[in-house]
Amino acid sequence: MKQRSRGPYAFPDAVPVDPVPAGTNLLVTGPSASGARDVAVALTLPRTDSEGTLLLSTDMGGRSLLDQFDEMAGDLPRDRVGIVDCTSSRDEHQRFDGRVAQIDDPGELLGIEIEFARLYETLAERVAERVRIGLFSVTSLLSHADFTTASRFVHMLTGRVIATGDVAVFVADADVLDRRELDAIESYCDGCIEVRNEAGNTRELRVQGLDGQPEMWTPFVLDL
Amino acid sequence: MGHGLVCCVLPDADEQRTVTALLTSELDVSVVSCSSIADAIETLDHRAVDCLVTAFELPDGTGTELTARLRELSPDTGCVLYTDADRERVTDAAGSAYLAQHVDSSRSRAGDRLVQLVDAAMRFRTNTAYPRHEDESDRIAELDRFAFDDPSLHAALRRVTELGAVYFDVPQTSINVVGENSLEYLACTGAEGAAIPRERSICTYTVLGEGVTVIENVQTDPRFRENGIVREMGIRWYAGCPLRTRSGNPIGTVCVYDEEHRSFSDTDERFLRLLADEAMAWIETLGTEGDRPAARALPEGYQ
């Protein structure tokens, strides 16, 4: 079987998270305005020409999600990005017109799994030796599917990441998600990055569950 | 894990041969080859497989039908749909709660991907709908150290559940083993139950915790509100404590349930922990092969 690079995945200098081994699954969570989503975007950006990004957008249109990436890091190279757009928006302007699969219901998990697998292979065949995967967001997924099925979906996805030696980032809104659901999802991941916004102007994060990472609250400014 | 067993249901003989050769050369597995749903069900009814790999188009139905059947028999078993069928055809044939991993068989790296997913599904049990204990292999190995067929053990555990029912004044208490794929009742007061899949069991989550788990309203807990078994049992309030071996592995639970909300004091928590300790002491004494003769030396009424 053809072996892929199993080296660690590094992150932008502005994010105080050390590189993680290939096959790592990360939960990124925090209150709604904490900046957790921005951290997840930063962690999912491709860092080398051999990396691609595959996004599952369940809580906003693929186009809008791509705009978030562009706003933070300049234009994301379109040939190395795939999006499974799972929103039910019929507004075609919201659709990403590049490498995209459209699912009209974030609860249609089998359809998402199929399109994810296909887009993954497309990226792997053409441009990306390694893929950064982002699920935006677990919160939306759990609100559209029963817990058992959604839980199995996330577990399967983490297993795929372990198997293929990629890295995945799962975003969850701690204000919306029940703590017990969050704990279950966290159990599937290797580590959890908690984000908070102290006094509304100082963003901080800490990493739980990963060796050698900052466990204390560390301030950061996302200037990419 | 040790040697695994994969069931491959691929009607195309050439594809079957290719996939079988690939899996057996790359992984420590044996492959059972089947060509139809009927053929596969015959196998699955008699043999526990670690992973199912199936085409979508089968002579007597679809791979989604077969996988759904396997999920009924064994919800935690890895399932991979190996197909290039259109998404709409696959999703139309599947129920809303249906889920299996997917490999597009038309892709250049389909074989590699199949090997990777089958390997992960078997080694890490990544198809379960619930988190597993961080030391699950150790936990199961330690659980396998015990035998639970001694009537004296069941009688002793039954007394422990009765103590719980009297103290808490609840209709249902149970002592359970949380196995690799299912929860089995060792002793109950109130409704007797057959083994249930772990994904349907509240105790699946209790063994993940450090101490006593209390759920004030099971019916509104997002993990269980759509759980038919919990609804049928009429459980609203739940408290459970892990049964820990001497080395600290949680092999099961003692739990009490009520149909109504109730308070739970520190003293109540202490009593539930005592019940768990008592149950585990009996299991260590009467459930270990080497200690069995001791059971015969117990005073009359304790056997």
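Q: How many residues of chain A are in contact with chain B, and how many of chain B with chain A?
A: In this predicted model, 38 residues of chain A touch 43 residues of chain B.

Q: What area is buried between the two chains?
A: About 3800 Å² is buried between chain A and chain B. Carbon and sulfur atoms give 56% of that area.

Q: Why quote an area for an interface?
A: The accessible area lost when the parts come together is often used to give the size of an interface.

Q: How many salt bridges cross between chain A and chain B?
A: The rule finds 6 across that interface. Over all chains, the structure holds 36 salt bridges.

Q: Where is B:Arg107, and where is A:Glu125?
A: Their side chains meet in a salt bridge, with N and O 3.5 Å apart. B:Arg107 sits in the loop between β7 (101–104) and α5 of chain B, while A:Glu125 belongs to helix α3 (residues 109–126) of chain A, so the pair joins two chains.

Q: Is B:Arg107 buried or exposed?
A: B:Arg107 counts as buried, at 18% relative accessibility. The cut-off for buried is under 20%. A:Glu125 has 31% and counts as partly exposed.

Q: Which residues are linked with that pair in a network?
A: The network of salt bridges links A:Arg118, A:Glu125, B:Asp104 and B:Arg107.

Q: What does A:Arg180 pair with?
A: The side chain of A:Arg180 meets that of B:Asp221 in a salt bridge, 3.1 Å from N to O. This pair also crosses between chains: A:Arg180 is in helix α6 (residues 179–188) of chain A, and B:Asp221 is in the loop between β11 (213–215) and α9 (228–233) of chain B.

Q: And is B:Asp221 buried or exposed?
A: B:Asp221 is buried, with a relative accessible area of 0%.

Q: Which residue forms a salt bridge with B:Asp258?
A: That is B:Arg262, and the closest N and O atoms of the two are 3.3 Å apart. B:Asp258 counts as buried, at 12% relative accessibility.

Q: Switching to cysteines. How many disulfides are there?
A: The structure holds 0 disulfides over all chains.

Q: How far is A:Cys192 from the closest cysteine sulfur?
A: The sulfur of A:Cys192 is 7.9 Å from that of A:Cys189, which is too far for a bond. A:Cys192 is buried as well, at 2% relative accessibility.

Q: Back to helix α5 of chain B. What should its residues span?
A: Helix α5(B), residues 110–123, has 14 residues that should span 20 Å at 1.5 Å a residue. Its end C-alpha atoms are 20 Å apart, which agrees.

Q: How many of its residues are buried?
A: 11 of the 14 residues of α5(B) are buried, so the helix is largely enclosed by the rest of the structure. Among them are B:Arg113, B:Gln116 and B:Met122.

Q: What follows the helix?
A: B:Arg125 follows α5(B), and its phi is positive, near 50 degrees.

Q: Now strands. Which way do the residues of β3 in chain B point?
A: In β3(B), residues 51–54, B:Cys51 and B:Val53 point one way and B:Leu52 and B:Thr54 the other way. All of these are buried.

Q: Which strands does β3(B) pair with?
A: β3(B) pairs with β1(B), residues 4–9, in the parallel sense over 4 bridges. Another 4 bridges join β3(B) to β6(B), residues 78–83, and these two also run parallel.

Q: What are the bridge partners of B:Leu52?
A: On β1(B), B:Leu52 is partnered with B:Cys7. In β6(B), the partner is B:Cys79.

Q: Last one: where is B:Glu72 found?
A: B:Glu72 is in helix α3 (residues 63–73) of chain B. B:Glu72 counts as exposed, at 65% relative accessibility. B:Glu72 and B:Pro197 are 125 residues apart in sequence, and their C-alpha atoms are 9.3 Å apart in space.

How values were computed: Residues numbered from 1 in each chain as written. Chains lettered and ligands numbered in written order. Predicted model: local features only at pLDDT ≥ 70, side-chain atom pairs only at ≥ 80, totals over all residues. Heavy atoms only, no water. Buried < 20%, exposed > 50% of the residue type's maximum accessible area, 1.4 Å probe, protein only. Pairing = 2+ DSSP bridges. Disulfide = S-S within 2.5 Å. Expected span 1.5 Å × (residues − 1). Contact = heavy atoms within 4.5 Å. Buried area = accessible area lost by both parts, 1.4 Å probe. Salt bridge = Lys/Arg side-chain N within 4 Å of Asp/Glu carboxyl O.
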